[in-house]
Each structure stands twice: as structure tokens, then as C-alpha cells.
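Take a walk through this fold with the model open beside you.

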Amino acid sequence: MNEKDMAFLIIKHEAVQRGLIGEILGRIEKKGLKVIALKMFEMKKEQVMDLYDNCKKLPFFEELLTYNSDCPVIGLVVAGPNANKGANEVCGVIGRAGTVRGDYALCHSRNVLHCSDEGKTQREIDLFFSNRELFFYDTAWEDWIR
């Protein structure tokens with residue numbers, strides 16, 4: 001499966017603590033994306049630094065490290081045609097109603113959901129999942145759309 005047909009997401013600890021895991025997973029699945037990997041873990045500072053390496057020079061980077069480290073999160077990999085595009089549409093932006101970030105983020109720096117950018121998906125998956133933790137399978141409805 002190519003990177004375009006997968007996306008990596010993290011349901012951040014604030015969403016976990018607020019009981020939004022099921023709601024967020026439901027939105028992802030309703031988009032037609034298939035969960036192929038899912039686990040709860042705590043991100044270590046080194047993982048946060050790797051994940052947000054493009055933000056290292058920003059003034060809020062230390063706050064980003066602290067906010068995202070050593071708290072339980074849900075990591076997942078989803079698959080489907082144009083999965084990365086679809087996952088980013090579900091994720092959305094803060095202030096846009098109908099998206100996860102728009103509906104649940106309490107402020108800009110706490111956006112409840114991370115979604116991989118196209119071109120970074122495989123690198124981000126590799127930070128948190130081994131190949132044996134990815135489960136490729138067909139769903140019942142996939143035969144209907146082939």
C-alpha cells in the first residue's frame with residue numbers, strides 16, 4: 001500500500017481525557033477510512049521532537065514538547081483511497097465547524113488531533129508502529145465499490 005492511501009493520526013491526551021476517543025474514531029470510519037492499527041501509549045519527548053521536527057524553531061516549541069509528552073494518547077493508522085486527504089478533511093482546522101478540530105479544540109494550541117501531512121505519513125507511522133502492528137484486511141463493503 002502506498003503512502004497516499006494511508007494516514008497516521010494521534011488522538012491527543014486532552015481528547016482522551018475528555019472522552020472523545022469513540023466520537024473521533026467514528027468520524028474517521030464514517031469518512032470511509034479503515035483503521036489498520038490502533039494503540040494507546042505515552043509519547044516521549046524524543047518522539048514529540050521527531051514528530052514536530054518542522055516546529056523546532058518556533059517560539060512555542062518547548063510548550064509543544066511539554067503538552068504532548070508523557071500523557072496517554074491514541075495512535076492510529078488508517079487506510080483507504082486518498083486516506084491522507086480524507087483524514088485531514090476529518091481533522092480540519094480550529095474554527096471550522098463539522099471537523100474534529102473545529103468542533104472540539106478548546107484553543108489553537110490544543111487541537112485534540114494530529115494528522116500526518118502528505119509526504120510524512122510513512123515516517124510518522126514508523127515512529128510509533130512496527131510493520132507487524134499494521135493489519136491489512138478487506139471490509140465487507142470494499143467488494144461493493146471495486
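Of the 146 residues in the chain, 47% count as buried. This is a predicted model. How does the chain's radius of gyration relate to that of a compact globule? A compact globule of 146 residues would have a radius near 15 Å, and the chain has 15 Å, so the two agree. Along the principal axes, the C-alpha atoms fill a box of roughly 50 × 35 × 25 Å. Among contacts with a separation of 6 or more, 77% join residues 24 or more positions apart.

Now the elements. The chain has eight helices and four strands. Read from the N terminus, their order is β-α-α-β-α-α-β-α-α-β-α-α.

Start with the sheet. Its four strands are ordered E2-E3-E1-E4, the sheet is open, and the pairing is antiparallel. Strand E2 (34-42) and strand E4 (113-115) are the edge strands, and each pairs on one side only. On average, neighbouring strands are turned by 20 degrees against each other, direction ignored. In general, strands of a sheet pair through backbone hydrogen bonds, in either a parallel or an antiparallel sense. Here, E2 and strand E3 (residues 72-79) pair in the antiparallel sense over eight bridges. One point to find in this pairing is Lys-34, whose bridge partner in E3 is Ala-79.

Next, look at what lies on the sheet. Helix H5 lies across strand E1 (6-11), E3 and E4. H5 runs at about 30 degrees to E1.

Which of its residues are buried? They are Phe-61, Leu-64, Leu-65, Tyr-67 and Asn-68. An α-helix has 3.6 residues a turn, so residues three or four places apart point the same way. The buried residues of H4 pack against helix H1 (13-17) and helix H3 (45-51). Just after H4, Asp-70 takes a positive phi of about 55 degrees.

Turn to the cysteines. How many disulfides does a search of the whole structure find? The search finds zero. Cys-115 is in no disulfide, and the nearest cysteine sulfur, that of Cys-91, is 5.3 Å away. A disulfide needs the two sulfur atoms within 2.5 Å. Cys-115 counts as buried because its relative accessible area is 5%, under the 20% cut-off. Cys-71 has a relative accessible area of 17%, so Cys-71 is buried too.

Cys-91 is found in helix H5 (residues 83-91). Its relative accessibility is 0%, so Cys-91 counts as buried. Leaving out residues up to four places away in sequence, Cys-91 touches Thr-99, Val-100, Arg-101, Leu-113 and Cys-115. Phe-61 is 30 residues from Cys-91 along the chain, and their C-alpha atoms are separated by 21 Å.

Is Thr-121 buried or exposed? Thr-121 counts as buried because its relative accessibility is 0%. The side chain of Thr-121 makes a polar contact with the side chain of Asn-84, at 2.8 Å. Beyond its neighbours within four places in sequence, Thr-121 is in contact with Glu-3, Met-6, Ala-7, Phe-8, Asn-84 and Ser-116.

Finish in the loops. Asn-82 lies in the loop between E3 and H5. Its relative accessible area is 35%, so Asn-82 is partly exposed. Not counting residues up to four places away in sequence, Asn-82 touches Lys-4 and Asp-5. Leu-33 is 49 residues from Asn-82 in sequence, yet the two are 9.3 Å apart in space, C-alpha to C-alpha. The phi of Asn-82 is near 55 degrees, a positive value in a residue other than glycine.

Val-112 sits in the loop between helix H6 (100-104) and E4. Val-112 has a positive phi of about 65 degrees, although it is not a glycine. What is the burial state of Val-112? At 0% relative accessibility, Val-112 counts as buried. Asn-82, in contrast, is partly exposed.

Key
Residues numbered from 1 in each chain as written. Predicted model: local features only at pLDDT ≥ 70, side-chain atom pairs only at ≥ 80, totals over all residues. Heavy atoms only, no water. Helix = DSSP H or I, 4+ residues; strand = E, 2+ residues; numbered from the N terminus. Buried < 20%, exposed > 50% of the residue type's maximum accessible area, 1.4 Å probe, protein only. Contact = heavy atoms within 4.5 Å. Pairing = 2+ DSSP bridges. Axes fitted to C-alpha atoms, helices over the stretch in contact; angles between N-to-C directions. Polar contact = N/O pair within 3.5 Å; in protein donor to acceptor, adjacent residues only side chain to side chain. Rg over C-alpha atoms; globule rule 2.2 N^0.38 Å.
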